[in-house]
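Try each task before you read its solution.

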Amino acid sequence: MQAIPKRLLLGSALVLLLLALVPTLGSKYLVDLSTEIMIYVLFALSLNVLVGYSGNITFGHAAYFAIGGYTCAILLTTYGWPLIISFPAAVLLAGCAAAFVGYFCIKLTDIYFAMLTLAFGMLIWAIAFKWRPVTGGDDGFVGVDVPAFIGDRFSFFYFTLVVVGLSVALLWLICHSAFGRTLVAVRENRMRAGFVGVNTMRLRHAAFIVAGTFAGIAGALFGMYNHGVYVESAFWTESGQVLIMALLGGLYSFFGPALGAAVLYTLQVGINQYTEYWPIVLGVILLAILMFLPDGLIGLAQKIRTQFIRKA
Amino acid sequence: MSMLANPTFVFYQFMNSISLGMNMFIIAAGLSLILGVLRVINFAHGAFFMFGAYVCLSVVTYLNEAAGSFWLGVVAAAVVLAAMALVVERGFLHYLYEREHLTQLLFTFAVVLIIGDLAKMIWGVDMYNVPYPYGLDGAVDFGFALYPIYPLVLSGIGVAVAVGMWLALSKTRWGRIIRAATQDREMLAALGMNVPMVYTGVFVIGSALAGIGGALAAPRVAVSPGMDATIIIECFIIVIIGGLGSLWGSFLGALAFGFVTMFGTVIFPDWELVLAYVMMLGILLWRPWGLFGQPEEDSH
């Protein structure tokens, strides 16, 4: 485990402080937007453990987000369990689902892996869609009983800030531990990593579980924030959208996907005010990234910085 | 369940399963071909399918449902989709083969997003129905039951496409080149073959099949936005079951999908969708590379 760089500590303290001050501006709109962005940041960062760090393309990540969302909402509302049990149970179930699905998926690699994660993701979507008595089917699960102490948007904002803050810190530690480093080694050369004694399958399975678990946290938060969970959140196009967030920011850096999530989500909210054709805008953005920004915004920033330093 | 005791009903479902399966085969065969040769998971295939259905709809409407307008629509769908595929492959995808799988996969996703919205801009968000083609709107008398002609013809076209593709792939020079490209593209290039041209050709043919499949499906289903997102997943199920790049695998997978869907609706109403996934998982547990696929070589 490497020591946490001082600059990172200072930077995150600054970001946390600025975020904590957002509600004092008094704009409900800004508070809602920041809450949503924080949730998507966590979602994109969770995906990056699997896609960026271990190099496994998944097209079914939205499923764990949805499992977290549905479980937390159902336990809170249908069963009336307290948040302190419902929330961890939802995260645990998302992790268990990822463990189960991952068990089958990690046996395959590359495009086979991607197709299998997609198929499993859609299986989970189909269950949410058809299990009407429990999930509400295509009407969605509406009217979530959110506990009173996080019932208004300001307290929920702080709740999200704490949960996402802790989760991101934990993810950073995981990605920069020996485990994270080994994941990168496996990504770069699976066979060599195997030769030096790494159990690559078990490692990729672990990455799958970590990614699913943290996606579950994001999903549980999102369900409570919306006071409802909808079956679309498990659809494969959602998995595609979060992949684009990660790609836009930059897959091969820890904070890239966070940046990508913030930028893309803000864009989406902004553009939706003017046109219903957000998908075509997203498609063109995606095309542009693929063609001109292979390393994402972080990569672009680094390129500009090196050029600047060379000139100076 | 009790409906399964009724032989006429079982006959209906049996025939429906085959026509659904054959329609799916025409679409999935194109996807499987592209996957086998280009090694690209082509999400755009579903969007091409939808576009084919819309093109057919437009031709049929424009000609006031005249005799032959439907078949003209099918041809138009094939031509339009082949042209679109040519632009997509030569203009963009062509430059991405050297990049990682994620790039190619997300590129096809971008195509899905763009084509889906284009279709919405052109045809709106309403649901449309295409009538059975002129002369095929009747039924055949099997003695104990009547069955509509069009699904029978559709099944016949599916079998014809399968046999035609098999002959083309196994008996012709181009077929041999395409099969060689699925095995070892570097060797093929070393032998002086223009591999990029093979890729373009396969992508165009595969996409034209999606267009034809969409046009042929138009009288069977409601033509509407969103039909692209479900069909692509169903095609993946079929291709995974059959094995990537295997023609007969896709054929068998499509039939299995047809039967599971049609009889699943009766035996487990509402859960037929889940049933198809469960079938796929069962097969994957047994043979991860699909029924007719080759075990994956560990690259790197």
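**Exercise 1. Find how many helices and strands chain A has, and judge how compact the chain is.**

Solution. Start with the elements: chain A contains 14 helices and two strands, where helices (H or I, at least four residues) and strands (E, at least two) are DSSP runs numbered from the N terminus. Next, take the radius of gyration, computed over C-alpha atoms, and the globule rule, 2.2 Å times the number of residues to the power 0.38. The radius is 19 Å, close to the 20 Å that the rule gives for 312 residues, so chain A is as compact as a globular protein of that length.

Before going on, note that this is a predicted model: local features need pLDDT of at least 70, side-chain atom pairs count only at pLDDT 80 or more, and totals for chains, interfaces and linings use all residues. Residues are numbered from 1 along each chain as its sequence is written, while chains are lettered from A and ligands numbered from 1 in the order in which they are written.

**Exercise 2. Describe where chain A touches chain B.**

Solution. Count contacts (C-beta atoms, placed from the backbone, within 7 Å): 36 residues of chain A meet 30 residues of chain B. Then look for the main contributor on chain A's side: α5(A) gives the most, with 13 residues.

How values were computed
Contact = placed C-beta atoms within 7 Å.
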